[in-house]
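We'll walk through it piece by piece.

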Amino acid sequence: MAKAIPNVTSTSFTIFFFSLLIATKAQEFSRNLSQKKLGLKKEKLSHLHFYFHDIVSGKNATAIRVAEAPMTNKSPTFFGAVVMMDDPLTIKPELSSKQVGRAQGIYASASLNELGFLMVLNFAFTEGKYNGSNLSILGRNTVLSTVRELPVVGGSGLFRFARGYAHAETHSVNFTSGDAVVEYNVYVFHY
């Protein structure tokens, strides 16, 4: 013998519906947080100064081309070339000076008319109070300009919630090998 299914009354349906609304409300998409509870103290502005060594030649290259377009080698700007890097960052322009971190990421020739790179990289610091902290850079680098400005779009470690900019100025270039040393002055707000 089949059992009868109980009738759902409008009252029980209403209770069910409001229960769903309350459960959904408890799991909102976003909420406001206290900076203090996250351990964020007063925001500060720091200036970092170092040298970036882009070594594209020899057996100890720190930057290598990983992709190119069919027209790259015919282009005066190397348009379409993509380079992966893990470049040392040092205190002085000499590669033998104290290393403070690495510039790790990608740069790609993104301009048909001038030598302009799209830079996507992290400055991964390995020394002092910033050891284990990173700054993330994303921007345009017209390498033949005297000074270039690249945005700091974020960071980690002591650079959480970072924002700012980096000034890049070519210190030296070996036109035979393509190796370059670039001086960086980075101005960054962080907590």
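What follows goes from the overall layout to the core, the aromatic residues, the pocket and a few loops.

A word on ground rules before we start: this is a predicted model, so local features need pLDDT of at least 70 and side-chain atom pairs count only at pLDDT 80 or more, while totals for chains, interfaces and linings use all residues. Residues are numbered from 1 along each chain as its sequence is written, and side-chain values use heavy atoms, with hydrogens and water left out.

Start with the layout. The chain has 1 helix and 9 strands, where helices (H or I, at least four residues) and strands (E, at least two) are DSSP runs numbered from the N terminus. Reading along the sequence gives α-β-β-β-β-β-β-β-β-β. Of the 191 residues, 32% count as buried; buried here means under 20% relative accessible area, exposed means over 50%, and partly exposed is in between, with a 1.4 Å probe and protein chains only. Now look at the contacts, meaning heavy atoms within 4.5 Å. Among those between residues at least 6 apart in sequence, 48% join residues at least 24 apart.

Next, head inside. The largest nonpolar core has 29 residues, and those touching the most other members are Leu48, Phe50, Phe123, Phe125, Leu135, Tyr184 and Val186. A nonpolar core is a set of buried Ala, Val, Leu, Ile, Met, Phe, Trp, Tyr and Cys residues joined through side-chain atoms within 4.5 Å. Two or more residues of this core come from each of β1, β3, β4 (99-109), β5 (116-125), β6, β7, β8 and β9. The largest share, 5 residues, is from β5.

You'll find Leu135 in strand β6 (residues 134-142), and at 0% relative accessibility it counts as buried. Setting aside neighbours up to four places away in sequence, Leu135 touches a list of residues that includes Leu48, Leu121, Phe123, Phe125, Val152, Phe159, Ala162, Val186 and Val188. Take Val186 from that list: its C-alpha is 9.7 Å from that of Leu135, and the two are 51 residues apart in sequence.

Which aromatic residues come together in one cluster? They are Phe50, Phe52, Phe123, Phe125, Tyr130, Phe159 and Tyr184. Across the whole structure, a search finds 12 aromatic pairs. One of them is Phe50 with Tyr184: the ring centres are 5.9 Å apart and the planes sit at 20°, so the pair is stacked. For the cut-offs, rings of Phe, Tyr and Trp (its six-membered ring) pair if their centres lie within 6.5 Å, and planes under 30 degrees apart count as stacked, over 60 as edge-to-face and the rest as tilted. This pair links distant parts of the chain, with Phe50 in strand β1 (residues 44-54) and Tyr184 in strand β9 (residues 180-190), 134 residues apart. Both Phe50 and Tyr184 are buried.

Now for the open space. The largest pocket has a volume of about 740 Å³. On a 1 Å grid over the protein atoms alone, a pocket is an open set of points with protein on both sides within 12 Å along at least five of seven lines, and lining residues have an atom within 4 Å of a point. Grid points are joined across faces, edges and corners, and the volume is the space filled by probe spheres set on the points. Of its 29 lining residues, Asp54, Tyr107, Leu115, Phe117 and Gly178 are the closest to the centre. At least two lining residues come from each of β1, β2, β4, β5, β8 and β9.

Finally, the loops. Thr77 sits between β2 (63-67) and β3 (82-90), and at 4% relative accessibility it counts as buried. Its side chain makes a polar contact with the side chain of Ser75 at 3.1 Å; a polar contact is a pair of N or O atoms within 3.5 Å, where within protein one must be able to donate a hydrogen and the other to accept it, and residues adjacent in sequence count only if both atoms are side-chain atoms. Beyond four places in sequence, Thr77 touches Ser109, Ser111, Leu112, Asn113, Glu114 and Leu115.

Phe78 is in the loop between β2 and β3, and is partly exposed at 40% relative accessible area. Check its backbone: phi is positive, about 60°, although Phe78 is not a glycine. Most residues other than glycine have a negative phi. Phe161, in the loop between β7 (147-156) and β8 (163-173), also has a positive phi, near 65°. Phe161 is exposed, with a relative accessible area of 51%.

Conventions
1 Å grid on protein atoms, 1.4 Å probe; cavity = no way out; pocket = protein on both sides within 12 Å on 5 of 7 lines; lining within 4 Å.
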